[in-house]
Amino acid sequence: MGALALILGYLLGPSARELVPPLNEVASSAVIGGIGLGIVATIPLVLFVAVLRRIKHPAIEELDKLSDHPMIGLMLRLNAWELFAISLCAGVGEELLFRGWLLPWL
């Protein structure tokens with residue numbers, strides 16, 4: 001998605017490259033602090049899902065059956081670095097495509 005955003009920005013404008021910080025700014029305290037804040041903000045969500053899964057309700061049980069999907073089995077076989085890379089690419093790609101190109105374009 002990120003590559004698509006960059007190509008669309010190049011061909012149609014506006015450029016999503018403006019959202020990509022230079023390499024010397026990637027290790028800045030603001031970026032690292034933002035990543036840390038994002039990690040801390042996920043803790044309540046994980047706890048909420050853990051509590052929610054304990055509720056006996058047909059809708060929740062139906063959602064819980066999604067964990068039997070074959071894609072989950074494939075994801076469980078990945079190591080931590082592979083999961084990190086997939087998560088990073090998905091998050092950055094989505095932001096570049098939607099917030100970096102589509103919203104300014106609209």
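I looked up W81 and noted it as exposed, because its relative accessibility is 69% (exposed is over 50% relative accessible area, buried under 20%, partly exposed in between, with a 1.4 Å probe and protein chains only). This is a predicted model, where local features need pLDDT of at least 70, side-chain atom pairs count only at pLDDT 80 or more, and totals for chains, interfaces and linings use all residues. Residues are numbered from 1 along each chain as its sequence is written, and side-chain values use heavy atoms, leaving out hydrogens and water.

I found W81 and F84 three residues apart in helix α6, about one turn (helices are DSSP runs of H or I, at least four residues, numbered from the N terminus). F84 is partly exposed at 48% relative accessibility.

I then counted aromatic pairs and got two (ring centres within 6.5 Å, using the six-membered ring of Trp; planes under 30 degrees apart are stacked, over 60 edge-to-face, the rest tilted). The W81 and F84 rings have centres 6.1 Å apart and planes at 85 degrees, so I wrote down edge-to-face.

How is the pair of W101 and W105 arranged? I noted it as stacked, with 5.3 Å centre to centre and 20 degrees between the planes. W101 is buried, at 8% relative accessible area, whereas W105 is partly exposed at 45%.

Last, I checked helix α1, residues 2-12, where G2, A5, L8 and G9 are buried. These buried residues pack against α6 (contact means heavy atoms within 4.5 Å). On the other side of α1, I listed A3, Y10 and L11 as exposed.

Methods. Helices (H or I, at least four residues) and strands (E, at least two) are DSSP runs, numbered from the N terminus.
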